[in-house]
Amino acid sequence: LSENMETLKDFGFFLFSSPTTLLGVGLLFIILYLVTVGSSRETGQEPPGPKPLPLLGSLLQLDLQRPYKTLCELSKKYGSVFTVYFGPKKSGLFNHFHNNQMDIMRRFALSTLKDFGMGKRVAEEKILEECGHLIQVFERKPFNTSHPVNYATSNIISSIVFGSRFDYDDLRFRNLVSRVNESISLFGTTGIQLYNTFPRLVRWIKNRQVILKNTEKTIRDVEDLTQKLKETLNPQICRGLVDCFLIRKQKDEDSCVKDIQFTEENLIFTVMNLFSAGTDTTAATLRWGLLLMAKYPQIQDQVQEELTRVAGSHEVHVEDRKNLPYTDAVIHEIQRLGNIVPMAVPHKTSQDVTIQKYFIKAGTTVIPLLTSVPYDESEWESPHTFNPSHFLDKEGRFIKRDAFLPFSAGRRACIGESLARMEVFLFFTSLLQRFRFIPPPGVSENDLDLTPAVGFTIPPSPHELCAISRQ
Ligand code: HEM
């Protein structure tokens with residue numbers, strides 16, 4: 001996902017696309033000049049920012065484990081477009097795609113996800129089936145929600161990509177999911193921030209070695225899984241995204257088209273990207289949801305009262321959402337407060353560009369600082385409190401808010417948004433229908449800690465909950 005190329009058009013579109021513009025200063029951009037200080041001044045005015053130290057840039061001013069926090073503070077001082085130096089020059093951890101390839105792979109993934117039911121009934125059926133499996137493994141005795149929830153969300157993307165789900169006790173699947181979780185979490189550590197800043201100096205850093213090993217093993221697993229699909233491929237039937245990719249590749253080969261997009265390498269990385277992007281994010285959101293329900297039992301009561309009144313013991317479907325305004329508001333509030341992708345995905349300008357009055361050189365890393373939006377005091381009545389009324393009008397009807405941007409905006413916004421929204425709604429409602437979530441014995445609601453973990457995406461810190469059956 002990281003360091004993907006971005007065209008000038010994408011960049012402009014992102015900046016001026018409607019929700020962003022509406023928010024004014026809401027969506028803040030950090031412009032990370034990783035080139036020599038002052039070089040861009042030759043061509044135009046550089047965005048403001050803290051004065052960089054030689055070599056270290058702005059490093060000493062940043063909380064390297066939670067950079068989004070200090071960056072948010074800096075944005076208050078310097079405005080919606082500003083510069084931060086992460087050390088002296090440009091660096092990146094993974095960069096697998098070239099510009100056009102990224103565009104084509106994005107389009108391919110998006111249209112295949114749609115073919116496989118993203119936002120449609122097919123996906124709904126898959127998710128409801130998975131809810132059935134997830135419910136079986138939730139326990140009355142204290143348990144860590146991380147594993148089961150990650151397996152469940154991973155199975156949704158797996159069945160879209162590979163055409164089938166995995167058993168929760170399948171060792172290879174468990175390892176795949178654990179490696180994704182571990183790498184995403186390590187991406188947020190100080191060590192990796194340092195590596196990104198001084199790649200030559202700290203190549204040996206342990207967390208980088210772990211990420212590289214994880215990636216190597218995942219590549220082997222994905223190669224093996226795709227090989228099995230290749231052996232049983234029937235060009236008439238697409239079981240999942242991998243099949244569609246292979247069929248397209250075969251077609252190009254048959255008609256002697258020299259393929260630079262539909263290559264084995266792109267297949268592996270597309271699958272890996274979807275697998276990581278689709279697992280950790282949705283699971284983190286759901287885990288925040290369950291934790292917040294345990295912490296705020298009165299809100300859990302109201303969700304359960306509404307679910308009982310509207311759906312009784314029937315399975316909740318997507319079409320029920322419009323009749324569940326309170327539950328819908330709670331889910332939106334979970335996403336707002338959870339703020340699980342605080343710095344979106346870094347992009348890179350492919351050409352020089354001027355934004356507002358500021359000149360940004362080609363090759364500059366640009367980070368949309370999403371974290372500034374959900375806690376914006378000019379947008380939310382009580383930005384730091386879990387308050388579902390942010391999404392309700394006086395009559396208790398659900399209201400959309402422009403400052404709700406967990407999936408980012410513009411041409412490079414999340415491609416899994418409708419799938420993720422469906423997953424979060426169906427998993428959350430079916431779990432809340434069946435279970436009451438409470439803290440473990442001896443732990444009070446007040447003791448439940450809402451400090452986020454460290455990571456590229458930010459789930460809650462490790463914790464345990466009890467799931468008491470309501471039936
Ligand atoms: C609640 C769950 C999710 C949240 C909050 C979320 C959020 C985001 C955000 C903020 C971005 C960065 C956009 C930007 O850089 O401007 C992103 C990118 C992306 N997401 Fe999601 N996402 C979620 C679930 C998913 C799922 C289920 C999938 C799988 C289909 C997915 C696939 C992707 C991909 C492939 C990208 C990169 C797009 C690109 O660079 O062009 N996401 N997501």
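Trainee: Which side chain does the side chain of Arg397 make a polar contact with?

Mentor: The partner is the side chain of Glu395, at 3.1 Å, where a polar contact is a pair of N or O atoms within 3.5 Å; within protein, one must be able to donate a hydrogen and the other to accept it, and residues adjacent in sequence count only if both atoms are side-chain atoms. Keep in mind that this is a predicted model, in which local features need pLDDT of at least 70 and side-chain atom pairs count only at pLDDT 80 or more, while totals for chains, interfaces and linings use all residues. Residues are numbered from 1 along each chain as its sequence is written, and side-chain values use heavy atoms, with hydrogens and water left out.

Trainee: Where is Arg397, and what is it in contact with?

Mentor: Arg397 sits in the loop between S8 and H14; helices (H or I, at least four residues) and strands (E, at least two) are DSSP runs, numbered from the N terminus. Leaving aside neighbours within four places in sequence, Arg397 is in contact, meaning heavy atoms within 4.5 Å, with Pro325, Phe391 and Leu392.

Trainee: What about Ser382, where is that?

Mentor: Ser382 is also in the loop between S8 and H14, and its side chain is joined to that of Asn387 by a polar contact of 3.0 Å.

Trainee: Switching to the ligand, which residue is the protein donor of its iron atom?

Mentor: That is Cys414, whose SG atom, at 2.3 Å, is the only protein donor; donors are N, O and S atoms within 2.8 Å of the metal (3.2 Å for Na, K and Ca), and water is not among the atoms, so sites may look incomplete. Cys414 lies in the loop between strand S8 (365–369) and helix H14 (417–434).
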